[in-house]
Amino acid sequence: MLTLGTLAGRAELELAFAGGVSSASHGAVRVVQVATLTLPQLLEGEPQRRLDPGSLVLVTEVPFRLRGRAEVALETLVEQLALDECAGLVAHVASGDHQPFPRGARELAAAVGLPLLTTTAPLRQWAVVRRGLQDRRLAVVERQAAQLSALVEELPARLADPGAMQRVADGLARALRAQVLVSEPERVLAAAPATAADALARALPRGPGEGAGPGPWTRVVPLGPAGEGNAHFGLQGADPCARGADPRARDADPRARDADPRARGADSRARDADPCAGDADSRAGDAAPDVAQGASTPDRGASAPGQGDSTPGPGASAPGQGASAPGQGASAPGQGGSAPCHEASTPGQEGAVLAVTRPAPSFDDADLRLLDHAARLLGLLDQARREHRTATDTAYAVRRAAVELLLDAEVDKARRVMAAQAPGLLTPETVRAFVVDVPATHRDAVLRRCETATAGLALAVADPREDRRVLVVEPVRTGRADDRVATALTRLVADLGSDASLGGSGAHRMAMLADAVQEAVTAQRFALRRPDAVALSAQSTDLVHVLPAPAARRWARAFLRPVLRPQDHWELLRETLPTALAYPYSVAARRLHVHRNTVRRRVARAAELLEMDFSTVTDRIAVAFALDVLAADRPGTCRSDAPLAEPAPTLHDLLTTPEATAWAESLLCGARGDHRGLLATATAWLAHDAHVEPAARALGLSEFTVRSHLRALEAHTARDLGSLRGLRDLQFALHILTGKVDITDLRGGLCATP
C-alpha cells in the first residue's frame, strides 16, 4: 500500500510537507493515483469531475507566489479535494521555492485536514509514479474480476438451495484467504472453514453488552434483504487506518457538497463519463446518514417514499455508536506502517451477518468491494431462505390442520383446507395410516424425510399427542394397488436403524382415520418385536383375520340377524354402531355428523333388537366383533336375506380353533411370564366391567397397583386397553387360555370354557 509517508521517503521525488505540517499526522494516508493539473487549467475551473478518494493532485507551473485569481482558484481546489477525500495537494516548484501556498490556502487546508506538499523533482519522476499506480490499480481490477467470476460460479440454480450459502462462504474464504462465518443470533448458517464459528464467536455479540466485538482485521457486515441492509457496509468495511478507503464515503456530507457550485455541476458529467461512479454515488447517498454518524448496525429499515435516506429499522444505526476515533490506527513516528485497526462493534446482532477475519494483511478496497458483493448475494440467499421457510411452515400448518380435521371426522372441511395445496389428494373415500416411531430428538429430521418420501401421495405430520411419532396419512383410491408410500417408509425406517419402527393400518373409511391411526399404533408396537421393526398392517395380529373366514361370517350373520332386517334399517345401524360402541355418544355424533340423540336412539334400538345391554363391556365387545367380521367381508355379502348354507357356529367354537389358540398364546406370552400376576389382575378387571376400583378391592390391591399392572399388559400385548379393540383382544385371549373370562355368544348368552 502506497502512502504519503512512503512517497515522502523516496529521495528522487524531493517531496516535502509544506506549511509546517508534520509527516506523522498524514504519513499513513493512502495514495491510489496521481492526477496532474497545470495552473492555466486550474484558472479555467478544472478539474470539472469528481476525483477518486485517495487521489494525489500535482499542480505544475506554479509561480513563486500565487495571488489574485490564482489564489482564489487554489482555495476552491482545496475545498473540492477535501470533499472528494483526496490524499493531498502537491505544488511543483522550482528548486529553492519552498512556500508557494498563500496563507489563506494553508489555513483552509489545515481546517479541512488536507495535507499540502511541495516537490522539486522533474515531472518524469512523477510520471513513473503515476504509471506504477495505474499498474497497481489494473492488477487490483483484474484480481477483483477474477474473484467476482469465482463468486458468480457459486451462484445456485435455485435461491432456496440449502447448500448455496456454504458454497459462497467457501469461495469467499478462498478469495480472501480468510475465515468466513454467516450466522443468525441462534444458529450458524455457513462457516468456511468449519472452525470459523469458534474463531469469530467473540466478534458476534448476541445482545446488548455481550461479546467482545470484532478483533484485528475483522469485518462484520449485516445481511439485509436484497438492496437493503448493506448500505452500512461503507462504515463496517471501512479501514480507519486509511482515509478514503471506501469509495462511497465521498458523499458523506451532502450539505458540504452543495456548498461548492463546481461540485454540484460536476455530478451529472461524472455520471455520464463513468456509470460505475453514478452507481457509487447513489449507494453513497443511501449510506450518507450512517457515515456521517460514524456507526453501523444491521439495518432492516426500508426507504420511505420520497425520502432520500433509509428509515431506521430494528437494527438501525444510532448517532455516535461505535464510531472510530480520528486517526485511530495511524502509524507512530518511525514505524513506517499502519498498526492493526479495530472495527467498531455492533451493539447486538438482530439478523444474519457476514463476519470475515484474517491475521494479516488488512482489507484493501478490492477486498472490501468483494465483501460488499458477497454480502449482497448472501443477503439475497438469506431472504430466499427465510421466504422458503415461511412457505414451508405455512404448507405444513395446512397439512396439520387437515389431519386434525380428519381425526375429528371432519372430512369435508379437511378437503376444503387441502384443496389449494393438493387438489384431489383427499378425494378418495378410504385411507391408510402409518406411524413412524423415532426418538423425540430426531423427529423433526425424520418428519422432513417422510415429507420428501411421500410428497404428493400422503400427508406427513408430527403427532401432537406423542413426541416420538410421525403420522403419515395415505388416501387410497378404490381399485388401485399402490404401495409406494409403504415401500418408501419401509426403506426410510431401514435407513434410520434400530431406533426407528413402523406400523401401518389397513384401509378404513376417511371418516374413521382415528381408528386407522389406532390400528397403526398397535401394529407399530407389534413391530418392535420384529427383526425389521416393520408391521405394515395390524391385520396380521388381529383376531378377525386369524379365524376361519366362512365360519366367522356365518356366526356374525347369525349373531346380528335381528338387526340385519330390513335392509335400510341395517344400513343405518352398520354406519352408527361401530363408532357408537367405541366412543362416547357425543364424540360418535360428531364423527357421524348427526345429533347425539340420534346416536342414542339408534343404539337403543339395536340393543333392544339384539337383547343386549350396551352398558356392559362384554356385550359391546361381542357386537363390535361381529360388525368387524362383516366389515372385513366384501360389500354385498352381508345381505340379510342370504340363506345360511350351514349351521352357524358359536363364538366358543371359533375361539377354540388352533389358529385362535396360537393367536392367544402369541398375544399373552410376555404377560404370562411376568411375576406380578398380570393375567389375574386382567381377569378381575374384566369381571368388574373394566372398572379399577372394584377390581382392586376384589384382588386386595391398591388402585395404583392395578393401573400399573394394566399398563404393563399394554406393553406386553401392544394393545391399547382404553380402546374397545384392545379390550376385546384381551378378553378373548384370556377366555381362550384360562377360561375364566365369560364372553357373550348367540342370543345374548354367556359362555365359558369348561
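## Salt bridges

The count of salt bridges comes to 25, each being a side-chain nitrogen of Lys or Arg within 4 Å of a carboxyl oxygen of Asp or Glu. This is a predicted model: local features need pLDDT of at least 70, side-chain atom pairs count only at pLDDT 80 or more, and totals for chains, interfaces and linings use all residues. Residues are numbered from 1 along each chain as its sequence is written, and side-chain values use heavy atoms, with hydrogens and water left out.

One of the salt bridges joins Arg-399 and Glu-451, at 2.7 Å from N to O. Arg-399 lies in helix α13 and Glu-451 in helix α15 (residues 443–453), so the pair ties together parts 52 residues apart in sequence. Helices (H or I, at least four residues) and strands (E, at least two) are DSSP runs, numbered from the N terminus. Arg-399 is buried, at 13% relative accessible area; Glu-451 is partly exposed, at 21%. Buried means under 20%, exposed over 50%, and partly exposed in between (1.4 Å probe, protein chains only).

## Asp-463 and its partners

Asp-463 forms a salt bridge with Arg-465 (3.5 Å, N to O). It also forms one with Arg-469 (3.9 Å, N to O). Asp-463 is buried, at 4% relative accessibility. Arg-465 is exposed, at 53%, while Arg-469 is buried, at 16%.

## Helices α13 and α14

The axes of α13 (residues 365–407) and α14 (residues 411–418) come within 8 Å and cross at roughly 170°. Axes are lines fitted to C-alpha atoms, for helices over the stretch in contact, and angles run from 0 to 180 degrees between N-to-C directions. The two helices are therefore roughly antiparallel, a label for angles over 145 degrees.

Contact means heavy atoms within 4.5 Å. In α13, Val-398, Arg-399, Ala-402, Leu-405 and Leu-406 meet Val-411, Lys-413, Ala-414, Val-417 and Met-418 of α14.

## Strand β9

Five of the five residues of β9 (residues 353–357) are buried, so the strand is largely enclosed by the rest of the structure. Val-353, Ala-355 and Thr-357 cover one side; Leu-354 and Val-356 are on the other.

Strands pair if DSSP finds at least two bridges between them. β9 pairs with β6 (residues 179–183) in the antiparallel sense over five bridges. Here Val-356 is the bridge partner of Val-180. β9 also pairs with β8 (residues 218–222), antiparallel over five bridges. Ala-355 stands opposite Val-220.

Definitions and conventions: Parallel < 35°, antiparallel > 145°, perpendicular 65-115°, else oblique.
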